[in-house]
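Welcome! Here is a short tour of a protein chain, written for someone who is just starting to read structures. Keep the 3D view open and look up each part as it comes along.

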Amino acid sequence: MGDGDKTPVIPANRAEVEAFADAMRKAPTRPEPGRGRLVFALDATMSRQPTWDVAQQVQGQMFAAASSCGGLDIQLVYFRGFNECRASAFLRDGAGLAAAMAKISVSSGATQIGRVLRHIRSEQAEAPVGAFVYVGDSMEEKADELGRLAGELGLLGVKGFIFHEGGDRKATACFKDIARLTGGAYATFDSGSASRLANLLRAAAAYAAGGFTALSDRARKGDSEARQLLSQMR
């Protein structure tokens with residue numbers, strides 16, 4: 001994934017390989033006209049188990065929110081362990097994404113946000129990516145490098161929605177910067193707030209599928225998370 005990331009990644013078990021292989025077989029090889037594309041990236045290091053479970057429960061709502069805006073293909077990206085960072089194919093329904101997530105367990109390790117951003121840049125070079133969502137709680141990398149990558153994505157028109165669990169100050173500053181440099185938005189939630197995370201994901205999916213018009217429509221209908229994201233975007 002991305003520049004210089006040529007080291008083979010060893011999966012934790014055969015089930016995970018089979019889950020991603022199945023997703024690759026079922027997923028579209030090319031984006032359809034009128035359908036948006038969103039990269040859904042999650043920190044799957046050990047501290048993330050509660051949030052991973054919550055995200056798995058609510059991820060299907062992204063597809064539902066995007067259905068009235070032309071539809072959406074979503075790619076799951078996650079990192080964990082030592083130098084393990086994986087991406088599924090682009091999936092077009094909640095069942096496929098749920099199946100992929102169900103086969104993945106969290107594992108200890110450091111953050112690999114830079115690899116995620118470089119991967120998104122590579123996907124954008126292949127076909128337009130409307131937006132990306134990143135869900136995490138910490139940052140253990142060089143903030144300047146992440147800012148540079150975020151700025152590149154911003155210039156390419158890929159907006160980042162950064163959903164931060166907890167209050168880690170170092171992560172807060174970096175995550176807000178990524179959101180700002182991509183022209184996206186930053187929001188916080190806690191692991192016990194499934195409804196807030198679901199609302200944030202729905203709002204981001206609406207934008208990825210239908211742009212500012214779709215997000216503004218949700219805000220006008222009283223969606224407070226959509227209003228919060230929209231107020232930060234440019």
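Helix α8 covers residues 194-220, and a straight helix of 27 residues would span 39 Å at 1.5 Å a residue. In this predicted model, α8 spans only 23 Å between its end C-alpha atoms. What does α8 do at G210? The helix bends there by about 140°.

**After the bend**

- Once α8 has ended, the chain comes to G222, a residue with a positive phi near 100°.
- K221 and D217 form a salt bridge, and their closest N and O atoms are 3.1 Å apart.
- Are these two partners buried or exposed? K221 is exposed, with a relative accessible area of 67%, while D217 is partly exposed at 28%.

**The chain as a whole**

- The chain has 234 residues, and 54% of them count as buried.
- Take the contacts between residues at least 6 apart in sequence: 81% of these join residues at least 24 apart.

**The sheet**

- Six strands make up an open sheet, and their order is β3-β2-β1-β4-β5-β6, with mixed pairing.
- Which strands sit at the edges? They are β3 (84-91) and β6 (185-189), and each of them pairs on one side only.
- From one strand to the next, the twist averages 15°.
- As a reminder, strands of a sheet pair through backbone hydrogen bonds, and they can be parallel or antiparallel.
- β1 and β2 run parallel and are joined by eight bridges.
- Helix α5 lies across β1, β2, β3 and β4 (131-136), and it runs at about 150° to β2.

**A covered strand**

- How many of the seven residues of β5 (residues 159-165) are buried? The count is seven of seven, so the strand is mostly covered, with buried meaning under 20% relative accessible area.
- In a regular strand the side chains alternate between the two faces of the sheet.
- On one side of β5 you will find K159, F161, F163 and E165, and on the other G160, I162 and H164. Both faces are covered, as these residues are all buried.

**Salt bridges**

- The count for the model is 14 salt bridges.
- One of them joins R35 and D73, with the closest N and O atoms 2.9 Å apart. R35 lies in the loop between α1 (14-26) and β1 (36-43), and D73 lies in strand β2 (residues 72-80), so this pair ties together parts that are 38 residues apart in sequence.
- How accessible are R35 and D73? R35 is partly exposed, with a relative accessible area of 22%, whereas D73 is buried at 1%.
- Another salt bridge brings together the side chains of E152 and R121, at 2.5 Å from N to O. This pair links distant parts of the chain, since E152 is in helix α6 (residues 143-155) and R121 is in helix α5 (residues 113-126), 31 residues apart.
- E152 has a relative accessibility of 24% and counts as partly exposed. R121, at 16%, counts as buried, because the cut-off for buried is under 20%.
- Which residues are linked with E152 and R121 in a network of salt bridges? R118, E145 and R148 are linked with them.

- Most residues other than glycine have a negative phi.
- N83 is not a glycine, and yet its phi is positive, at about 65°.
- Where is N83 found? Look in the loop between β2 and β3.
- N83 is partly exposed, with a relative accessible area of 29%.

Conventions. Residues are numbered from 1 along each chain as its sequence is written. This is a predicted model: local features need pLDDT of at least 70, side-chain atom pairs count only at pLDDT 80 or more; totals for chains, interfaces and linings use all residues. Side-chain values use heavy atoms; hydrogens and water are left out. A salt bridge is a side-chain nitrogen of Lys or Arg within 4 Å of a carboxyl oxygen of Asp or Glu. Helices (H or I, at least four residues) and strands (E, at least two) are DSSP runs, numbered from the N terminus. Buried means under 20% relative accessible area, exposed over 50%, partly exposed in between (1.4 Å probe, protein chains only). The expected span of a helix is 1.5 Å times one less than its number of residues. The bend at a residue is the angle between axes fitted to the seven residues ending there and the seven starting there. Two strands pair if DSSP finds at least two bridges between them. Axes are lines fitted to C-alpha atoms, for helices over the stretch in contact, and angles run from 0 to 180 degrees between N-to-C directions. Contact means heavy atoms within 4.5 Å.
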